[in-house]
Amino acid sequence: MELSKMEKNFKFNVFRNDKNIDLTLFQYGWEQCTPLHSYGPAKRNHYLFHYIFSGKGFLSSTDSAGVTHLYKLEGGQGFLICPGQVNTYYADEKNPWEYAWVEFDGVKALEYMEMAGLGWDRPVYHLKKREEGGLLKNELMSIVDNPFGSSINQIGHMYLFLDGLIRCSVNRRTAVQAGRMRDTYIKETISFIENNYARAITVEDIAEFCNINRSYLNRLFKESTGKTLQNFLMYYRMNRAAELLKISDLTVNEIGKRCGYQNQLHFSRAFRNIFGMSPIQWRKKEKAEEEL
């Protein structure tokens, strides 16, 4: 049976097993784009990487500071779209690109992208040697052309693709280097909270201080600490409040204000959520235990 024009120019599939924790696929495909074929502006919930086989196109991508950049790309390059990042991409009018893509995520996804030298502020992928692109193409098409293969087979090829992506990157980083970048952001975040928890700071204020996108910082922080920024800020404030309740005679209202809560009701509610009792009850309990 002769393939339709659509089948000749486009392939798309959804991964059928999302139970892998370290790394999983969501969808993948290949396309020979028509002139000026575009997608966006849009956001993705997961990482999306395109590797360009041939032709040309353009990527409009917003960095962690909210600034939009336009990149002109061609065969042998690739581009990454991070979760929550606003982007638009479109094919060249005269020489439209052909590419394959994978949408993926997982506990190790961020680390792998950092090792490949990619991120919110570095969306464009460059090969050390142009001839190494064949490896990336082969592994991607092994996934794209085998949609009914086992999930183990597809994830295996995904790992091989990422290994090649890292090894062949002109901006390759070691796991240690990638970890240092995350550690820097985490240390800056915790330091800012320690010095400003008494003010009415928000997650947006923290991200602005670190000069990084809020969603990206929140993701880094949760993967490193197990808590979202909002939860960590609340836990930090409540621990400081508990300390003041124990060592001072300040009123609950005064302690709440010293911990960033101008409304005593909101403070008491947050305290109860963490300690399972009101600030007054907690203070009485602590004093009773001291007298024993």
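Predicted model: local features only at pLDDT ≥ 70, side-chain atom pairs only at ≥ 80, totals over all residues.

Trainee: Where does Asn263 lie?

Mentor: In the loop between α9 (252-258) and α10. Helices here are DSSP runs of H or I with at least four residues, strands are E runs of at least two, and both are numbered from the N terminus. A polar atom of the Asn263 side chain is 3.1 Å from the backbone nitrogen of His266. That's a polar contact: N or O atoms within 3.5 Å, one able to donate a hydrogen and the other to accept it within protein, with sequence neighbours counted only if both atoms are side-chain atoms. The C-alpha of Asn263 is also 7.8 Å from that of Asn253, 10 residues away along the chain.

Trainee: OK, rings. How many aromatic pairs does a search of the whole structure find?

Mentor: It turns up 21. To pair, ring centres of Phe, Tyr or Trp (its six-membered ring) must lie within 6.5 Å; planes under 30 degrees apart are stacked, over 60 edge-to-face, the rest tilted. Phe271 and Phe275 are a stacked pair, 4.5 Å centre to centre with 25° between the planes. They sit 4 residues apart in helix α10 (residues 264-275), so about one helical turn separates them.

Trainee: Is Phe271 buried or exposed?

Mentor: Phe271 is buried, at 0% relative accessible area, while Phe275 is partly exposed at 24%. Phe271 also pairs with Trp282: the centres are 6.1 Å apart and the planes at 80°, so that one is edge-to-face. Phe271 is in helix α10 and Trp282 in helix α11, so the pair ties together parts 11 residues apart in sequence. Trp282 is buried too, at 9%.

Trainee: And Glu286, which helix is that in?

Mentor: Helix α11, residues 279-291. Glu286 is buried, with 11% relative accessible area, and its side chain makes a polar contact with the Lys285 side chain at 3.2 Å.

Trainee: Switching topic: which residues touch the most other members of the largest nonpolar core?

Mentor: Among them are Phe49, Val102, Phe104 and Met113, in a core of 69 residues. A core here is a set of buried Ala, Val, Leu, Ile, Met, Phe, Trp, Tyr and Cys residues joined through side-chain atoms within 4.5 Å. Helix α8 (residues 229-247) gives the most to this core, 9 residues. A separate core has 13 residues, including Ile52 and Trp97.

Trainee: How many disulfides?

Mentor: The count is 0, using sulfur pairs within 2.5 Å as the rule. Take Cys210: its closest cysteine sulfur, in Cys82, is 17 Å away, so that's too far for a bond. Cys210 is buried at 7%.

Trainee: Last one: where is confidence lowest?

Mentor: In helix α1 (residues 5-9), with a mean pLDDT of 62, while strand β10 (residues 124-125) is highest at 97. pLDDT is the predictor's confidence in each residue, from 0 to 100. The chain averages 87, and 91% of the residues score at least 70.

Note on methods:
Residues numbered from 1 in each chain as written. Heavy atoms only, no water. Buried < 20%, exposed > 50% of the residue type's maximum accessible area, 1.4 Å probe, protein only.
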